[in-house]
Amino acid sequence: MGKYFGTDGFRGEANKDLTFEHAVQIGRFLGWYYGARQNKKAKIVIGKDTRRSSYMFEYALCTGLMASGADAYIMHVTTTPSVAYITRVDGFDCGIMISASHNPYYDNGIKLLNGSGEKMDEETILKVEDYIDGKLEIPIAERNEIGRTVDYVAGRNRYMGYLISLSKYSFKDIKVGLDVANGAAWQIAKSVFDALGAKTFVMNDAPDGYNINTDCGSTHIEHLQKFVVEKGLDVGFAYDGDADRCLCVDEKGNVITGDHILYIYGLYMKERGKLINNKVVTTVMSNFGLYKAFDKVGIEYDKTKVGDKYVYENMVSTGNRIGGEQSGHIIFSKYATTGDGILTSLKMMEVLLAKEKTMSELAAPVVYYPQVLKNVRVKSKPDAQNDPDVQAAVAKVAEELGDTGRILVRESGTEPVIRVMVEAESDEVCEKLVDDVIEVIKAKGHIAEA
């Protein structure tokens, strides 16, 4: 990770951590960089979510791009995966998404995508950061070299058409609930489900610039749970602010996590001979119950670091076709280069209709293990993680659990924190074993003062 950009872009509170000037500088560099590389005017596509500040950042980016000679194509309010798709299929030099995903409205972010619709490579990101820090000088466009903006709402419509084309079944008479989180999916998701014939019931579809993710969407799925039960729906889907993740609710009101989705669709692929390498890509935070369920049906799995970036890197290098996170970032590499919440919900509908089962029946084999996760603020993450006594305590817990659970101790990527997590057959066992390890961290003097 760089100075400004993390695994999911440059993110922070709008005009405090991520400023208007930063956006202009990012646009200035990208417009010049892609134009200079090919000795012609760069074409760059931009999408945004519904945050009030997204409009400011959109204009700032366009200003920088045009000043460097690039043409900026504006998709307006749309999802992150739609920008990735259009960047790739319409031959743009790169794509930009303005969103802070599931964060509150006052945060925002700038995500950069390469010409293939994938997350921008580290080398280019570092060059952007060098320009922000004044380490590079670039020329400004003049006369006929100055760029322009192009309204590109047609790109969003093309993406919707693409999603509709992927469905193998009519959704006629299926009652579907959608929580669009007052975010980027608010116009797209219902249109897609309606076009496929579903009886669509939508909540949190009145964005006002301030209510994105506020007590709604995939981070507050309890509201969709209640909505599905009260209206007698067959299934519900909840997205986050930029709709790159999806969680489900079954007909009984139970939450269907990203882990359940990986199991349901992974098994569906295996049964049809489509699961390349017989493998699903997970992260280290997937629940122990998922691995138990995979073992029973003979599906293998890889585990990556937390972050859809790492999941996708694994899929590219191995050819694995499905992977994702417990939080609902699911990547279907045959169809997309990023997590795509609406695509994920369509794939769940496909299994539902193909197998003629309810969502609760499809998810039943994944029995979630209780989990306790505690964060410990430390003086030095490497010192605490590598302490021989701490490692011995972790090994002791792992031995005690055997094949009845697991322990995971990892460093936070953004805070001076060590995360200690145990999954076991009861909450009481989880709590005790997590505390056993934390006591050793304390005893060895690694705890930071409050």
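Start with a working definition: buried means under 20% relative accessible area, exposed over 50% and partly exposed in between, using a 1.4 Å probe and protein chains only. Helices (H or I, at least four residues) and strands (E, at least two) are DSSP runs, numbered from the N terminus. This is a predicted model, where local features need pLDDT of at least 70, side-chain atom pairs count only at pLDDT 80 or more, and totals for chains, interfaces and linings use all residues. Residues are numbered from 1 along each chain as its sequence is written, and side-chain values use heavy atoms, with hydrogens and water left out.

**Stop 1: strand 10 and its sheet**

Select residues 235–239. Turn the strand to view each face. Val-235, Phe-237 and Tyr-239 are buried on one side, Gly-236 and Ala-238 on the other.

Two strands pair if DSSP finds at least two bridges between them. Strand 8 (residues 175–179) runs parallel to strand 10, joined by 4 bridges. Look for Gly-177 opposite Gly-236. Strand 11 (residues 246–249) runs antiparallel to strand 10, also through 4 bridges. Here Tyr-239 has Cys-246 as its bridge partner. Between strand 10 and strand 11 the hairpin has 6 residues, and Ala-243 there takes a positive phi near 60°.

Strand 12 is antiparallel to strand 11, with 2 bridges. Val-249 and Val-255 are bridge partners there.

Contact means heavy atoms within 4.5 Å. Axes are lines fitted to C-alpha atoms, for helices over the stretch in contact, and angles run from 0 to 180 degrees between N-to-C directions.

**Stop 2: strand 13**

Select Thr-282, in strand 13 (residues 279–283). Buried or exposed? Thr-282 is buried, at 0% relative accessible area. Leaving aside neighbours within four places in sequence, its contacts include Leu-262, Phe-294, Tyr-301 and Asp-302.

Next, pick Asp-302 together with Lys-279. Their side chains meet in a salt bridge (3.3 Å, N to O). The term requires a side-chain nitrogen of Lys or Arg within 4 Å of a carboxyl oxygen of Asp or Glu. Lys-279 is in strand 13 and Asp-302 in strand 14 (residues 300–304), 23 residues apart. Asp-302 counts as buried, at 19% relative accessibility. The structure holds 28 salt bridges.

**Stop 3**

Move to the open sheet with the order 17-19-18 and antiparallel pairing. Its edge strands are strand 17 (371–377) and strand 18 (406–411), each pairing on one side only. The twist averages 15° from one strand to the next. Strand 17 pairs with strand 19 (residues 417–423) over 7 bridges. Gln-371 stands opposite Glu-423.

Glu-423 is in strand 19 and Arg-406 in strand 18, so the pair ties together parts 17 residues apart in sequence. Glu-423 is buried at 0% relative accessibility, and Arg-406 is buried at 12%.

Bring in helix 14 (residues 388–401). It lies across strand 18 and strand 19, at about 155° to strand 18. What does Asp-389 meet in a salt bridge? The partner is Lys-444 (3.0 Å, N to O). Lys-444 sits in the segment after helix 15 (427–443), 55 residues from Asp-389 in helix 14. Lys-444 is partly exposed at 36%, as is Asp-389 at 41%.

**Stop 3: loops**

Select Asn-39, in the loop between helix 1 (20–38) and strand 3 (43–48). Its phi is positive, near 55°, and Asn-39 is exposed at 72% relative accessibility. Go on to Arg-143, between helix 4 (122–132) and strand 7 (149–151). Phi of Arg-143 is near 50°. Arg-143 is exposed, at 77%.
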